[in-house]
Amino acid sequence: MSKPAAAFQAAASAYVGERETRAFLRQSLAGYLAQRRTGEERFQDWEEARVAASAAKGEALDYLDRYLADFLTRIEKRGTRVFFARDAARARERVVEIVREHDAKCIVKSKSMTGEEIDLSETLEHLGYEVVETDLGEYIVQLRGERPFHIVAPAMHLRREEIRELFAGKIGPEAGRSAEPEALTMDARRAIRRKYLEADIGISGVNFAVAETGQICVCTNEGNGRLSTSLPRVHIAVMGLEKLVPNLDDLALLLPMLATAGTGQHLTGYTTIIGGPRQPGEADGPEEFHLIILDNGRTALLADDEQRDALHCIRCGACIYMCPIFKNIGGHSYGTTYMGPIGSVITPHLRGLEEWRHLPSSSSLCGACTETCPVRIDLHHHLLHNRRNAAAAHPAPLEKLALRAYGWLAGRPALFSLAGKLGKLALRAFSPLLGTALDPARGWTRCRALPEPPRQSFREWWKTHEPEPASERDDDDEE
Amino acid sequence: MSAPNDDRDLIFRRIREAIRIRRENLPDHGDAERYRQLLPPVRASLQARIELFREWSDKLNTRFIAANPSDWRAEIASLAAAEGWKSSAFHGTGLAREATEAAGLPAATALDTTRGYDPERLEACDVGFTDCEALVAQTGSVLLTSRGNGGRALSVLPPHHVVIATAGQMVPDLLAAMALIRERHGAALPSLVTLHTGPSRTGDIERQIVLGAHGPKKLTVILILD
Ligand code: SF4
């Protein structure tokens, strides 16, 4: 078992045992579901909108070289400095370089999953820079030294009392006087407000990049994205190269869909579309705007035309909310930047199938993710594709032999029924050992009761209930 | 400016290599006309748009005031009294300045951000007045740009943002807002285009909505009817 797989199993098993924590999570998920439904109902045709959204993202990706080139020409013309990074290390190096050039002391950061992917905040903090996560959920998990529990709702696993204690301990005696969300939010507002004015650099993510106009789009509800990109002298945005959409009309389609799928809102509170640093004649805005475009495994996924649509992802988080596995093991167990179904699809591509093959296997393949995805990514089939690819890369000879033996047996009805009977006897003889250290299937049987084997096999039952006209077909069957 | 190690060429090569095979089963890329049949509907008449904007404002906790050309200034004066504003900020020479004057505060307390300003002073203002590019009925949003509406910070730093708009600025939907940006600014886009949909909000603690997370706690839209 790979290291991440072992860590995953340990964390997941622990989480499953925490009844109260899971009940709290379920309650929060139910709140999301209700809101999401009303959100969809506002559309004239949500299902067709999903098709259109997938077409828009698909168009951008299948002709990415052109759209990206157009995007660059336009955004660079306005004085944006663009840097391409093949991997996380290069992207980090570039950000550090910019931060050093400006001799920055304080950095305000609005939420960026791509930033998480490349460990941006940790890197800068290790180098001694003050990095303030300004999204409330991110701020909370940053104070706890944790990773986001969910890509859209980083602190959804925490109860108000836990946050109150955290604030009282980390912000100071003036904070955490009340556990009311209102009071806690104001604690954070006060703590962060000065930072917007003091910060030399603002870092943001990117939700969409528009080829037609050469603009990036950042969505936040709190306005932290607006403030982080308004006051500091320098703005750095980090984006995955798959964020392109062809034009502004596509943006008008995708923005309400992102909000609906992400939170059930009709539109995110602040939709900020940035095309460059402060332009001549403008009252304020950053003097420099740097855009870092990240590959980090994305072009490899692009080359896989079977799974290319995984790059359509707009990171709405809906598939995570819907996933029965997430519901039971929580967001931290995955040990990845992207959790849930989308994480189990793309992590093996971004970080290596060898080490992360356990993720696609940890799914019931129920398809709830595929059904909910606003850009119609075929998520549960991609989980299967990843399993297939993992098996092809690592043939398991014993498993193969066992399946071949089964195939041989199943083709011989007399032997098959004899084996069934013997199996039943063997199971009975073995039953005192079930779940004990001597049981090779202990992982499964330890906490599950084995159903009593039926007295009659299905084949025997079928013989006595056989419908009349089917007799010929049955003869065929016996052959 | 050094740009060592820039992987641009490498990444473009990888992309071209990767997309040599295009997908066959992709649905056709749509356009504004198609999207308008799918997105939430908006009725055509101005009256219907204003009503829809009002509905969204109620849900979003935006304060929406429709007033006649003769009495919108009085609305501002009474807001100023009710909120106890002591200082304000504005931009330009148009509606935002008129609004500042209508608030009736001493001229010395009004900060004009048009040609640069001290952010500390803006932060201390009780209210920021701006005009806007458009209002969007479909979503209850205010469309602003950094060129036309007073830069970036004026509309997010003070705790109360007051927008003055005229009825003709009420566009039906997001697609119309995008078309407007394209037509009005396409040749030279401002550095920032932004949609503000309600005051700042968060639901990050137990999914409970709290207003004024970082940006303005209050958003007021005054629509001057003609
Ligand atoms: S895969 Fe689909 S549902 Fe999941 S986060 Fe991405 S866009 Fe949302």
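In the second largest cavity, the lining consists of 14 residues, and those nearest the centre are Cys313(A), Arg315(A), Cys316(A), Cys319(A) and Cys373(A). The model is a predicted one, and the space that the ligand takes up is this second largest cavity.

**The ligand and its cavity**

- The second largest cavity has a volume of about 100 Å³, and its lining divides by class into twelve nonpolar residues, one polar residue and one charged residue.
- Around the ligand itself there are 13 residues, among which Cys313(A), Cys316(A), Gly317(A), Cys319(A) and Cys373(A) come nearest.
- The shell around the ligand is made up of eleven nonpolar residues, one polar residue and one charged residue.

**The largest cavity**

- The structure holds three cavities of 30 Å³ or more, and the largest of them has a volume of about 110 Å³.
- Its lining comprises 17 residues, and the closest to the centre of the largest cavity are Cys323(A), Pro341(A), Ser363(A), Cys369(A) and Leu383(A).
- Four elements of chain A each give two or more residues to this lining, namely helix 15 (324–329), helix 16 (340–351), helix 19 (368–372) and helix 20 (379–393).
- Helix 16 of chain A makes the greatest contribution to the lining of the largest cavity, with three residues.
- By class, the lining of the largest cavity has ten nonpolar and seven polar residues, and no charged ones.

**The second largest pocket**

- The second largest pocket has a volume of about 610 Å³, and of the 15 residues that line it, Gln9(A), Ser13(A), Gly443(A), Trp444(A) and Arg448(A) are the closest to its centre.
- Helix 1 (3–16), helix 15 and helix 23 (442–445) of chain A are the elements that give two or more residues to the lining of this pocket.
- Helix 1 of chain A supplies the largest share of the lining of the second largest pocket, with five residues.
- The lining of the second largest pocket includes seven nonpolar, six polar and two charged residues.

- An open sheet of eight strands runs in the order 8(A)-5(A)-6(A)-9(A)-9(B)-6(B)-5(B)-8(B), with mixed pairing.
- At its edges are strand 8 (244–245) of chain A and strand 8 (170–171) of chain B, each of which pairs on one side only.
- Strand 9 (residues 270–274) of chain A and strand 9 of chain B are paired antiparallel over five bridges, and Tyr270(A) stands opposite His196(B).
- Within chain A, strand 5 (residues 208–210) and strand 6 (residues 215–220) run antiparallel and are joined by three bridges, with Ile216(A) as the bridge partner of Ala209(A).
- Within chain B, strand 6 (residues 141–145) pairs with strand 9 in the antiparallel sense over four bridges, and Leu144(B) stands opposite Thr194(B).

**Strand 9 of chain B**

- Strand 9 (residues 192–196) of chain B is mostly covered, with five of its five residues buried.
- In a regular strand the side chains alternate between the two faces of the sheet.
- In strand 9 of chain B, Leu192(B), Thr194(B) and His196(B) point one way, Val193(B) and Leu195(B) point the other way, and all are buried.

**The two chains**

- Chain A has 25 helices and ten strands, and buried residues make up 55% of its 479 residues.
- The C-alpha atoms of chain A fill a box of roughly 90 × 55 × 45 Å along the principal axes.
- Chain B has seven helices and twelve strands, and buried residues make up 55% of its 226 residues.
- The C-alpha atoms of chain B fill a box of roughly 65 × 50 × 45 Å along the principal axes.

Conventions. Residues are numbered from 1 along each chain as its sequence is written. Chains are lettered from A and ligands numbered from 1 in the order in which they are written. This is a predicted model: local features need pLDDT of at least 70, side-chain atom pairs count only at pLDDT 80 or more; totals for chains, interfaces and linings use all residues. Side-chain values use heavy atoms; hydrogens and water are left out. A residue is near a molecule or strand if one of its heavy atoms lies within 4 Å of it. On a 1 Å grid over the protein atoms alone, a cavity is a set of points where a 1.4 Å probe fits but cannot get out, and a pocket is an open set with protein on both sides within 12 Å along at least five of seven lines; lining residues have an atom within 4 Å of a point. A molecule sits in a cavity or pocket if more than half of its atoms lie within 2 Å of its grid points. Ala, Val, Leu, Ile, Met, Phe, Trp, Tyr, Cys and Pro count as nonpolar, Asp, Glu, Lys and Arg as charged, and the others, Gly among them, as polar. Grid points are joined across faces, edges and corners, and a volume is the space filled by probe spheres set on the points. Two strands pair if DSSP finds at least two bridges between them. Buried means under 20% relative accessible area, exposed over 50%, partly exposed in between (1.4 Å probe, protein chains only).
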